[in-house]
Amino acid sequence: MKHRDSDTHDPSTDSLSATHGGTTRVAADQATIAEWARSLPPETFYEAAVILIAHPENRRLGIRFALAPGGTLDIGRSPTAQISFPEVPSLSRAHARLRFAGGRVTIEDLGSRNGTFVNDRPVTGVVDLRSGDRFQVGSVHFKFLHERDVEHAYHEAIYQMVMRDGLTEVYNQRKFQEEATREFARAQRHDRPLALVLLDIDHFKQVNDTYGHLCGDAVLKQLAGRVSARLRPEQVFARLGGEEFGILCPETGVEGGMALAEKLRRVFEDEPFQAGATPFGVTCSFGVAGLAPGMSAFDDLVAAADAALYRAKREGRNRVETATPAPGA
């Protein structure tokens with residue numbers, strides 16, 4: 001058997017060492033390492049990353065930016081920023097900074113024009129981030145991950161992005177279509193009522209033009225929160241695109257859909273929306289349709305509710321209209 005001197009290492013002896021008494025030493029070393037590892041804070045072995053979940057032009061959604069221990073990530077319009085969005089005017093050139101130090105990840109606003117927000121709260125000074133937090137810089141939104149298995153957490157976040165709108169966190173159009181198609185088939189098969197409510201923010205372009213797109217984003221998020229708080233668990237709520245939303249109401253006829261729409265209309269009319277220190281009024285128009293004879297697919301129900309919504313807009317907005325009976329009913 002070869003011997004190892006102080007300057008050379010023969011890899012062929014490693015397995016022999018383990019066979020002839022080396023096992024005890026290796027086990028002792030592993031136990032020492034394990035004991036040392038347990039003495040460290042759990043965050044020491046965690047990985048950190050941020051995922052882009054909302055962009056004003058829906059660019060690069062789902063892209064992941066890793067943050068190494070001891071490192072920083074600057075976010076802004078500047079091309080020198082590690083996370084750069086030169087196409088987003090609501091961002092400052094140097095907007096915010098993420099830092100991974102001492103097992104903690106923090107975020108700091110760098111004196112930006114439009115501020116930085118964590119879970120919708122403005123960042124003042126240096127703020128700790130927790131895994132799952134959402135943060136906003138200008139009109140760009142991220143989700144923060146700080147996990148032992150960040151790869152698994154990333155795929156979970158992407159799965160949620162497939163189903164949910166990144167800005168409002170309610171279902172997106174794709175998920176809504178899946179749920180609605182299934183409910184439509186069930187309602188037809190068992191001869192059960194089904195109602196669809198479509199709602200659209202009145203003069204939303206004026207909100208953006210008058211108060212800015214960040215204010216428009218705030219309106220969309222506040223609207224989604226107000227609606228979600230007033231729905232039953234079986235009702236399906238989604239952002240269908242832009243300022244239009246849909247509510248699918250199983251086991252509900254047209255009258256029930258109309259009552260829900262009128263309740264929401266009054267909520268929006270009576271409770272001002274807020275962006276910064278400025279409260280302002282926003283109203284919505286509603287179109288309601290119920291499953292009727294002659295409808296063969298969910299798209300028929302959508303067309304009926306959409307026609308009612310168009311009529312609400314045409315008749316002066318801030319009102320609820322219902323669909324006329326379907327052809328052949």
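In which strand is the place of Thr106? Thr106 lies in strand 6, which spans residues 104–109; strands here are DSSP runs of E with at least two residues, helices are runs of H or I with at least four, and both are numbered from the N terminus. The model is a predicted one, in which local features need pLDDT of at least 70 and side-chain atom pairs count only at pLDDT 80 or more, while totals for chains, interfaces and linings use all residues. Residues are numbered from 1 along each chain as its sequence is written, and side-chain values use heavy atoms, without hydrogens and water.

Thr106 counts as buried because its relative accessibility is 10% (buried means under 20% relative accessible area, exposed over 50%, partly exposed in between, with a 1.4 Å probe and protein chains only). Beyond its neighbours within four places in sequence, Thr106 is in contact (heavy atoms within 4.5 Å) with Arg97, Leu98, Arg99, Val126, Val127, Asp128 and Leu129.

Strand 3 (residues 72–76) runs parallel to strand 4 and is joined to it by 2 bridges. Gly76 stands opposite Ser84 of strand 4.

Turning to the helices, the crossing of helix 5 and helix 6 is right-handed, meaning that the near helix is turned clockwise from the far one by less than a right angle. Leu223, Arg226 and Val227 of helix 5 make the contact with Leu264, Val267 and Phe268 of helix 6.

Technical notes. Two strands pair if DSSP finds at least two bridges between them.
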